[in-house]
Amino acid sequence: LIQNLLSRLIEDTQNLEIQMDKILQLSRVELGGKLNLVTIDLNNFLRSFINGHVVENINVKLTIPDNATVIADGFALELILKNLLENTRQHTKSKDISIAITESDNFYHLTYQDGGQFSGDISKLGELFYKQNTSPGSGIGIYLVKKLMDKMNGSLNIRCTDTAGGLSFVLGFSKGQS
């Protein structure tokens, strides 16, 4: 019984820490905080992020072309990936994540899919405090992702992948110099 209570206390504390971090970052973005846009090697960045943040019971399939470099802020990109990963932990039963990088003329597109299902209004995803009525969370994470992508002159597109309500998050970044 005591072990269960301690586990629950630790989990609640970690969730509170995540929410406070989102609120702090949101206030920073909303108050005009500047980002440090630099060239980032996606291959190295994503592999390092996965090694440092993905828990053992989640599998990540990574598809990245060689020499994929983007213009981004490293801290903002890490925060975006943390928010997507947190959504996977909170809102999906799937233990599989797919991250694929595709290329167009002046952009690289990072597509994040986790097999989660969404039954709300997809057009409202990315609005501040919007979430499904029954889901946990604050409704800040995807809004923060959208704001950070805007500040990096990028884009966020949320697409329905199937009739069951599967979603993919497509982040568009300007290409960097190799």
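Contact, in these legends, means heavy atoms within 4.5 Å. This is a predicted model, where local features need pLDDT of at least 70, side-chain atom pairs count only at pLDDT 80 or more, and totals for chains, interfaces and linings use all residues. Residues are numbered from 1 along each chain as its sequence is written, and side-chain values use heavy atoms, with hydrogens and water left out.

View 1. Helices (H or I, at least four residues) and strands (E, at least two) are DSSP runs, numbered from the N terminus. Follow the sequence along and you get the pattern α-β-α-β-β-α-β-β-α-β-β. The protein chain has 178 residues, and 40% of them count as buried. Here, buried means under 20% relative accessible area, exposed means over 50%, and partly exposed is in between (1.4 Å probe, protein chains only). Now take the contacts between residues at least 6 apart in sequence: 69% of them join residues at least 24 apart.

**View 2. Helix α2 against helix α3.** Two packed helices are described by the angle between their axes and the distance between the axes. The axes are lines fitted to C-alpha atoms, for helices over the stretch in contact, and the angles run from 0 to 180 degrees between N-to-C directions. For α2 and α3, the axes come within 11 Å and cross at roughly 50°. That is why the two helices, α2 and α3, are called oblique to each other; angles under 35 degrees count as roughly parallel, over 145 as roughly antiparallel, 65 to 115 as roughly perpendicular and the rest as oblique. The crossing of α2 and α3 is right-handed. As for handedness, a crossing is left-handed if the near helix is turned anticlockwise from the far one by less than a right angle, and right-handed if clockwise. On the α2 side, look for Leu42, Phe45, Leu46, Phe49 and His53; they meet Gly74, Leu77, Glu78, Leu81, Lys82, Leu85 and Arg89 in α3. Sort the residues of this α2 and α3 contact by class and you find seven nonpolar, two polar and three charged. Ala, Val, Leu, Ile, Met, Phe, Trp, Tyr, Cys and Pro count as nonpolar, Asp, Glu, Lys and Arg as charged, and the others, Gly among them, as polar.

**View 3. Helix α3 against helix α4.** Helix α3 (residues 74-91) and helix α4 (residues 141-151) pack with their axes 9 Å apart, at an angle of about 155°. So α3 runs roughly antiparallel to α4. Their crossing, α3 with α4, is left-handed. From α3 come Ala76, Leu79, Ile80, Asn83, Leu84 and Asn87, which meet Gly141, Ile142, Leu144, Val145, Leu148 and Met149 in α4. The contact of α3 with α4 has nine nonpolar residues, three polar ones and no charged ones. Among the buried residues of α4 are Tyr143, Leu144 and Val145. Just after α4, spot Asn153, with its positive phi of about 60°.

View 4. A salt bridge is a side-chain nitrogen of Lys or Arg within 4 Å of a carboxyl oxygen of Asp or Glu, and the structure holds two. An α-helix has 3.6 residues a turn, so residues three or four places apart point the same way. Lys82 is partly exposed at 33% relative accessibility, and Glu78 is partly exposed too, at 25%.

**View 5. A salt bridge between Glu103 and Lys175.** The side chains of Glu103 and Lys175 meet at 2.5 Å, N to O. Glu103 sits in strand β4 (residues 96-103) and Lys175 in the segment after β7 (166-174), so this pair ties together parts that are 72 residues apart in sequence. Lys175 is partly exposed, with a relative accessible area of 25%.

**View 6. Thr88, a buried residue of helix α3.** The relative accessible area of Thr88 is 2%. Leaving out residues up to four places away in sequence, Thr88 touches Ile97, Tyr112 and Asp114.

**View 7. Asp21 in helix α1 (residues 2-30).** Asp21 is partly exposed, with a relative accessible area of 29%. Asp21 and Leu79 are 58 residues apart along the chain, and their C-alpha atoms are separated by 9.4 Å.
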